[in-house]
Structures are given as structure tokens and as C-alpha cells.
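This report is for a reader who is new to the structure shown below. The sequence and the model come first, and the notes follow.

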Amino acid sequence: MRICKKNIRLQDITIMYFTAIAALMVILVASYQGPTNAVEVSDLKINPSGPLPPLPMPFRMSLDPRGDVQLSWNISYANQEVYIQLTVADIKHGVVFGMSDRGELTNADLVVLWDSGTNSYFGDAWSDSEGHVSLDSQQDYELLDAKHKPDGFHLLFKRPFSTCDPRDYLIEEGTVHVIYGFLEEPLASLEQLNLSRIHTGMQTVLMLRPDTLPPTLPPDVRTLDVLSPNVIIPHQETTYWCYIQKLPENMPKNHIVMYESVITPGNEAIVHHMEVFECSPDKGDVPEYSGSCDDKMKPNKLNFCRHVLAAWAMGAEAFYYPPDAGLPLGGPSSSRFLRLEVHYHNPLIISGRRDSSGIRLHYTPSLRRYDAGIMELGLVYTPIMAVPPKQNSFQLSGYCTSKCTQTALPSGGIYIFASQLHTHLAGRGVRTVLVRAGKELEVVQEDKHFSTHYQTIRVLMKMTNVLPGDVLITKCTYNTEDRSKPTLGGFGIMDEMCVNYVHYYPRTKLELCKSHVDSGYLQKYFNFINRFHGDDHCVCDVDVTEQYSKLQWDAFSGEVLDSLYNTAPISMHCNQSSARLFPGEWDKQPVPVVTSILDKPRYPCEGGAPPTSKPPTNQV
């Protein structure tokens with residue numbers, strides 16, 4: 001049987017054949033052409049939309065454990081832009097840089113430099129829920145320079161804080177989780193890239209910093225190094241190392257005016273963060289110790305070394321006190337013992353590496369006008385406060401009430417100039433707001449992407465004046481989706497805290513201004529929930545930890561607990577430096593009634609005006 005009734009000539013077959021070949025070549029060539037909205041690096045002509053930032057960049061850090069990728073950046077508050085420079089020691093076929101909510105490789109905002117084997121391209125990109133990368137239809141990263149230098153390949157680009165692109169990360173105050181990756185092979189198309197199939201890593205950083213110049217140190221400034229004693233870093237991924245250092249005998253009162261990190265050369269990518277604590281003066285001598293902070297055999301008195309003097313995290317700059325204030329060090333009312341805590345992050349399990357990193361305190365015997373103080377805000381460390389299991393976003397609030405500030409603060413109030421936020425592993429966000437006359441006045445400090453592994457003292461963009469009668473509310477957000485039991489307040493790493501250590505002046509006797517829900521109302525909650533689930537027997541004689549553990553947890557139990565925390569009376573801890581309560585009645589206090597006026601859009605695409613700040617004198 002004949003398929004065609006009409007004979008096809010050889011000439012027709014030849015034409016059809018070559019037509020098909022030509023069509024195939026067009027398809028192949030098109031697939032290897034550069035994307036229309038990416039920049040071909042070889043065609044780059046430096047003609048930026050604004051002036052280039054001064055080099056070297058003022059902020060810098062190592063991204064990878066070996067130090068092969070360096071991140072440096074500068075900020076233009078006038079233009080609402082961040083200038084970013086990557087230096088890659090040995091670049092092969094490209095590099096990936098990006099930001100995501102908590103350092104995930106999925107749903108990330110990316111910028112990619114890649115080569116197709118013949119040409120190199122730069123473009124704004126994003127990853128989907130499986131890590132597949134696509135070029136963004138809206139290109140918000142502007143390439144400024146790309147060149148090889150003796151220390152590696154330098155890639156310079158910039159991006160606005162807010163781009164109004166739903167696929168882009170909003171750069172704001174607080175922790176930024178930065179991701180990076182290396183391309184070992186050329187890519188014919190960026191859509192071939194899946195981040196799960198390349199070598200990647202993550203770091204945390206405070207990208208937006210205050211725009212003020214550091215004050216000048218006094219001529220009689222002295223230094224005290226609190227350093228690890230030539231420690232051999234354990235060959236494990238995470239280590240918290242503690243070391244006790246004694247101050248000189250009969251050291252008179254001085255003022256700490258600045259501190260900075262001292263990192264052993266070569267360990268810049270392993271020393272993750274450090275803190276110096278003063279031990280409690282009423283505990284007397286503290287035994288010598290150098291070892292793991294988690295060692296169950298460590299001296300018990302180390303647990304009473306909790307008064308923060310200094311805190312540093314990777315990427316942080318030197319910390320300066322305001323010109324009129326200094327933190328007391330030495331003198332008859334202070335302890336002679338300090339505890340250094342160093343967090344080593346050693347993902348490559350490097351062995352035999354020695355370390356003498358720590359913090360250098362700069363102090364002066366010429367006392368400044370004011371003593372600086374540290375006050376704890378938030379929740380009391382107690383199992384009375386708990387987070388139900390399987391929660392995506394559960395919030396707890398701690399109050400520093402108007403009654404406490406009216407009792408303890410001087411008439412002119414205090415000035416908060418820095419703060420250190422603190423939760424444990426379930427913490428996802430922390431926010432402290434100032435309330436005056438029942439209305440939110442300003443945000444003291446907020447971190448929407450908080451990480452317990454990145455805790456440093458943060459200088460505020462502007463000081464906050466807290467007056468007698470004001471209220472300070474510290475709210476923490478938790479995620480317990482991976483937990484089957486309630487998470488209670490407490491000191492253990494699997495317990496939770498909600499704290500903001502605010503640094504302020506002038507120093508007052510108020511050292512702790514925190515709250516917890518009234519225990520009597522919590523007992524009513526237990527009785528109600530148990531009856532709701534058909535359990536009528538009284539559990540009044542059982543401690544609160546056991547009552548939480550025996551509770552039947554479901555959506556209703558969590559919602560009622562959330563309502564209780566937001567409406568029930570509270571017990572206040574309005575404590576003096578001596579750990580005694582200020583005189584007065586502090587139980588069964590009403591929860592402050594607050595009108596929220598601060599949750600407004602801050603960028604044009606959100607319906608509001610962009611934030612304003614004078615151009616920083618030491619930045620772009």
C-alpha cells in the first residue's frame with residue numbers, strides 16, 4: 001500500500017532536509033545566547049547610576065570556613081542602597097550570592113555570576129521551593145565592576161534596600177542570613193542551576209549599621225585583653241569554650257570606653273562570636289577554669305557569671321560608648337572575676353588548630369560624667385511561660401510597666417544607646433517598643449530574622465529616651481514546629497528566654513524590669529483545658545512543669561494559652577541591683593493597654609514613605 005499518492009522528488013526531499021537542519025541550528029544557537037535581561041560581563045562599561053563607594057569597604061567578613069570568599073560592603077542611607085563586594089580567591093565558572101529568611105537555599109533572593117563556556121554573565125535571580133534558579137524579570141542588582149586582582153576575583157555591585165519585587169529580600173535593620181555558592185562547571189543556561197547540587201554555605205551579618213563616626217578615645221586609655229589561653233579548638237562543628245580571668249588585685253574603678261575583637265590569624269572564619277561576663281560580686285572567688293561551657297564538671301560558680309560586659313559576633317566592628325558614659329570596671333562594688341565565652345564554628349572539623357582569640361577592653365581611669373548601666377527587659381526565666389508544640393509563629397511578651405519606670409527612673413529618664421537581644425533555639429524574632437501615654441512611640445530594637453547563633457551588642461541608629469511612667473514591651477516570636485512537647489522558660493538551651501539587655505545611661509538601681517503571667521490565672525487555664533478535654537480531677541498540687549507536660553495539646557489549647565498571656569494580669573520583677581524588688585505591690589498587675597501605631601509601611605511599594613537618614617559621614 002502506498003503512503004503518498006504523489007511522488008516526492010529528490011529535490012523536494014533535499015530542501016526539506018536542509019530546512020530542518022537550519023531550524024535546528026536556530027534553536028540551538030538561541031539556547032546558548034545570553035539571557036536578554038542579564039549583563040554580559042565582557043561588555044561592562046563602568047557607568048554607574050551614582051558615585052562609586054570609597055574603597056576599601058568599611059565592613060567586611062569571611063563567608064566560608066577557609067576564608068576563600070570575602071564579603072565587604074558599604075551603605076548609602078541617602079540613596080537607600082547597599083554596595084557589596086565579593087572577593088573570591090579562586091573562581092572557576094562563577095559564584096552565587098544571596099539572602100533568604102533564615103539562610104535557606106530555597107525561596108532565596110540571588111545574584112549570580114556565571115559563564116556559558118564562551119561568555120560570562122551577571123544577573124538578579126531567585127530560587128524556587130526546590131532550589132531551582134531562574135533569572136528575575138526585574139533586575140535590581142547593578143553590576144559596577146568585575147575584574148581579577150592579585151588577591152582574587154573582585155565583583156562589585158549594588159542594590160536598593162527595598163526593590164518592590166516580591167522575589168527580592170527586604171534589607172532592613174537586624175540579622176541578615178547570607179548564602180553563597182561556587183560554580184564548578186559552565187552553565188549553558190542559568191535555569192540549569194540547582195543550589196542543592198553545588199557547594200554552598202551560609203553566614204549571618206548585621207548589614208545596616210549606624211551612620212555615626214566613632215568618638216575619639218581619651219589619651220590615658222589603657223587596655224585589658226581577655227583572651228583564650230592558647231586553646232586547641234576541638235575537632236567538632238560547635239564548641240562553646242569558657243575561661244575565667246581574674247582582674248588585678250585592688251583594681252580601682254575605671255570606665256570601659258571601647259572594646260574590640262582580637263582574633264588569632266587564620267581563625268577568622270572559625271571564631272563565630274564571643275562574650276565577656278562579670279561574675280556576681282557576692283559569690284566571692286571563682287575557681288580557675290578553661291574548658292567546655294557545657295562540661296557538667298565545670299565549677300558551679302561559673303553559672304553566676306552572667307553580667308554582660310562585652311559581646312562580639314563575626315562581622316561586628318569595634319564597640320564605642322557614648323562620649324559622656326563608660327561602663328564601670330573594677331572598684332569595691334564589682335567582681336574581680338570575668339568569664340570569657342567563645343563560640344567556635346568548625347564545620348570542616350579542622351583538628352589541631354590553636355586559638356588565643358578574645359576581646360580587648362579599652363578603659364580609662366578618668367571617669368566620664370555618667371556610669372553606663374545594663375538592664376534586662378523581657379520575660380522572667382520561669383517555666384510559667386511556655387510555648388506550645390507545633391507552632392509556626394507563637395509570640396510571648398514581657399513588660400517593663402509604667403509603675404516600675406515611675407518608681408526607679410530619674411526625672412530626666414535614661415538614654416538607651418545599644419541593646420543585645422537574646423532567645424534560645426526556638427527564637428525567630430525579637431522586638432522592643434517604647435510606649436508613652438498608651439501609644440507606641442518608637443521601636444527601640446527589632447530583629448525579624450533573629451538567630452540565637454548570632455548575638456552581639458547592637459548600637460541603636462538613634463538613642464531612645466525612656467522617661468518615668470513609660471512602658472517597654474519586649475515581644476519574642478518562636479517556632480516549635482519540630483517539637484512534640486511544650487517549650488518552657490528556663491536556662492537550658494532547649495528551654496526558652498525572651499530578653500533584651502539594654503545598655504543605657506545614667507546608671508540607676510534598676511537592673512531588671514521583667515514580667516510573667518500571674519500563676520493563679522495560669523492555674524485556671526490548666527483547670528479549664530483539662531475539663532474541656534474530659535479530665536476533671538484537680539492538678540493543683542502538681543508543679544507547673546508537670547502540668548504543662550500532661551496537657552493535651554491541640555489548636556484550641558494553644559489559642560487559649562495565647563489569649564491568657566495577652567490578657568491575664570502579670571507579676572512584675574522590678575529589681576534593684578541587689579536583686580531585691582523595689583518597694584511596692586508587684587503581683588496581679590494589669591497588662592498595659594497599648595495602641596499600636598508603628599506597624600506602618602516604610603517603603604514606597606508598601607504604601608509609605610522611605611525611611612530618611614542624613615548621609616553617613618564615613619560611608620557613601
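## Salt bridges and disulfides

Aspartate 371 has a relative accessible area of 21% and is therefore partly exposed; buried means under 20%, exposed over 50%, and partly exposed in between, with a 1.4 Å probe and protein chains only. The model is a predicted one, in which local features need pLDDT of at least 70 and side-chain atom pairs count only at pLDDT 80 or more, while totals for chains, interfaces and linings use all residues. Residues are numbered from 1 along each chain as its sequence is written, and side-chain values use heavy atoms, with hydrogens and water left out.

Aspartate 371 meets the side chain of lysine 253 in a salt bridge, at 2.7 Å from N to O. This pair links distant parts of the chain, 118 residues apart: lysine 253 is in the loop between strand 15 (238-246) and strand 16 (254-262), and aspartate 371 is in strand 25 (residues 370-371). Helices (H or I, at least four residues) and strands (E, at least two) are DSSP runs, numbered from the N terminus. Lysine 253 is partly exposed, at 34% relative accessible area.

A salt bridge is a side-chain nitrogen of Lys or Arg within 4 Å of a carboxyl oxygen of Asp or Glu. By this rule there are 18 salt bridges. One of them joins arginine 339 and glutamate 341, whose closest N and O atoms are 2.8 Å apart; both residues are buried. Another is between lysine 550 and glutamate 546, at 2.8 Å from N to O. Both of these residues lie in helix 4 (residues 544-550), 4 residues apart, about one turn of the helix. Lysine 550 is exposed at 58%, and glutamate 546 is partly exposed at 30%. Glu81, Glu142 and Lys158 are linked in a network of salt bridges.

A disulfide is a pair of cysteine sulfur atoms within 2.5 Å. The whole structure has 5 disulfides, and the table lists some of them.

| Cysteines | S to S distance |
|---|---|
| cysteine 279 and cysteine 305 | 2.0 Å |
| cysteine 404 and cysteine 574 | 2.0 Å |
| cysteine 476 and cysteine 498 | 2.1 Å |

The link of cysteine 476 and cysteine 498 is right-handed, with 90 degrees about the S-S bond. Cysteine 476 lies in strand 33 (residues 471-478) and cysteine 498 in the loop between strand 34 (487-488) and strand 35 (499-505), so the pair ties together parts 22 residues apart in sequence. Cysteine 476 is buried at 0%, and cysteine 498 is buried at 1%.

Cysteine 404 and cysteine 574 are also buried. Their link is right-handed, with 85 degrees about the S-S bond. Cysteine 404 is in helix 2 (residues 402-408) and cysteine 574 in strand 37 (residues 570-576), distant parts of the chain that are 170 residues apart.

Glutamate 376 stands opposite leucine 512 in strand 36.

Terms used: Pairing = 2+ DSSP bridges.
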